[in-house]
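User: I have a structure open and have not looked at it before. Can you walk me through it?

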Amino acid sequence: MNKFMEIALKEAEKGVKKNKGGPFGAVIVKDEKVIAKAYNSVPSSKDATCHAEMNVIRKASKKLGRFDLSDCEMYITCEPCPMCFSAICWAKIKKIYWGATRKDAANIGFDDEVIYDVINGTKKSPIKSLQIDKNISEELMKKWISKKDKISY
């Protein structure tokens with residue numbers, strides 16, 4: 001077994017044993033060293049975004065003092081959901097390794113198929129979405145683009 005995946009699995013087990021969240025763990029590695037590890041904590045944190053991947057990205061970013069994790073890799077006990085995959089992309093992580101599939105997760109009650117269906121355009125979004133105050137929002141974007149000391153990402 002891969003040593004970093006073993007750590008991710010132990011994190012997942014820890015979260016399950018403590019009844020903190022589902023059976024998901026993640027590890028971020030840089031230069032063959034563990035930077036951060038985390039487990040799913042959605043129910044215990046009462047925060048729907050506290051998937052293992054989100055938690056480990058937050059920890060690694062804090063530890064490294066940056067949001068760009070392009071020199072890191074992630075090991076995950078399960079294929080990332082769309083939210084986590086997006087966060088991995090925003091963190092610029094170039095390589096991930098994962099164990100179980102999203103179908104495996106769906107089989108135990110963690111089904112994100114509706115999100116994939118909406119993204120793929122095969123189903124209509126269950127969320128009512130209305131655009132408002134476009135011009136005001138665009139003004140803020142114009143302020144951002146002209147800002148000389150902005151931190152781009």
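Analyst: One term to begin with: a salt bridge is a side-chain nitrogen of Lys or Arg within 4 Å of a carboxyl oxygen of Asp or Glu. Lys103 and Glu113 meet that description, with 3.4 Å from N to O between their side chains. The pair links distant parts of the chain, since Lys103 sits in helix α5 (residues 102–107) and Glu113 in helix α6 (residues 113–120), 10 residues apart. Keep in mind that this is a predicted model.

User: Are Lys103 and Glu113 buried, exposed or partly exposed?

Analyst: Lys103 is partly exposed, with a relative accessible area of 47%. Glu113 also counts as partly exposed, at 25%.

User: How many salt bridges does the count come to?

Analyst: The count comes to 10 salt bridges. One of them joins the side chains of Glu139 and Lys142, at 3.5 Å from N to O. Both residues lie in helix α7, three residues apart, which is about one turn of the helix. Glu139 is partly exposed, at 43% relative accessibility.

User: Which residues are linked in a network of salt bridges?

Analyst: Lys30, Asp31, Arg66 and Asp71 are linked in such a network. Within it, the side chains of Arg66 and Asp71 meet at 3.1 Å, N to O. Arg66 is partly exposed, with a relative accessible area of 30%, and Asp71 is partly exposed at 35%.

User: Where do Lys30 and Asp31 come in the fold?

Analyst: They belong to a hairpin of β1 and β2. Strand β1 (residues 25–30) pairs with strand β2 (residues 33–39) in the antiparallel sense, over six bridges. Lys30 has Lys33 in β2 as its bridge partner. The hairpin has two residues between the strands, and Asp31 takes a positive phi near 55° there.

User: Which residues other than glycine have a positive phi near 60° or 65°?

Analyst: Lys46 has a positive phi near 60°, and Lys92 has one near 65°. Lys46 is in the loop between α2 (42–45) and α3 (52–64). Lys92 is in the loop between α4 (82–90) and β4 (95–100).

User: Exposed or buried, those two?

Analyst: Lys46 counts as exposed, at 74% relative accessibility. Lys92 counts as partly exposed, at 28%.

User: Why does Cys78 count as buried?

Analyst: Because its relative accessibility is 6%, and buried means under 20%.

User: What about Glu11, buried or exposed?

Analyst: Glu11 is buried, with a relative accessible area of 5%. The residue is placed in helix α1 (residues 3–17). Beyond residues up to four places away in sequence, Glu11 touches Gly25, Lys37, Ala38 and Tyr39.

User: Last one, the surface. Which residues form a nonpolar patch there?

Analyst: Phe67, Trp90, Ile151 and Tyr153 form one, with about 540 Å² of accessible area together. Tyr153 is in the segment after α7 (134–146). At 60% relative accessibility, Tyr153 counts as exposed.

How values were computed
Residues numbered from 1 in each chain as written. Predicted model: local features only at pLDDT ≥ 70, side-chain atom pairs only at ≥ 80, totals over all residues. Heavy atoms only, no water. Helix = DSSP H or I, 4+ residues; strand = E, 2+ residues; numbered from the N terminus. Buried < 20%, exposed > 50% of the residue type's maximum accessible area, 1.4 Å probe, protein only. Contact = heavy atoms within 4.5 Å. Pairing = 2+ DSSP bridges. Patch = residues over 30% accessible without salt bridge, like charges linked within 9 Å, V, L, I, M, F, W, Y side chains within 5 Å. Areas by Shrake-Rupley, 256 points an atom, 1.4 Å probe, with all protein chains shown as cover.
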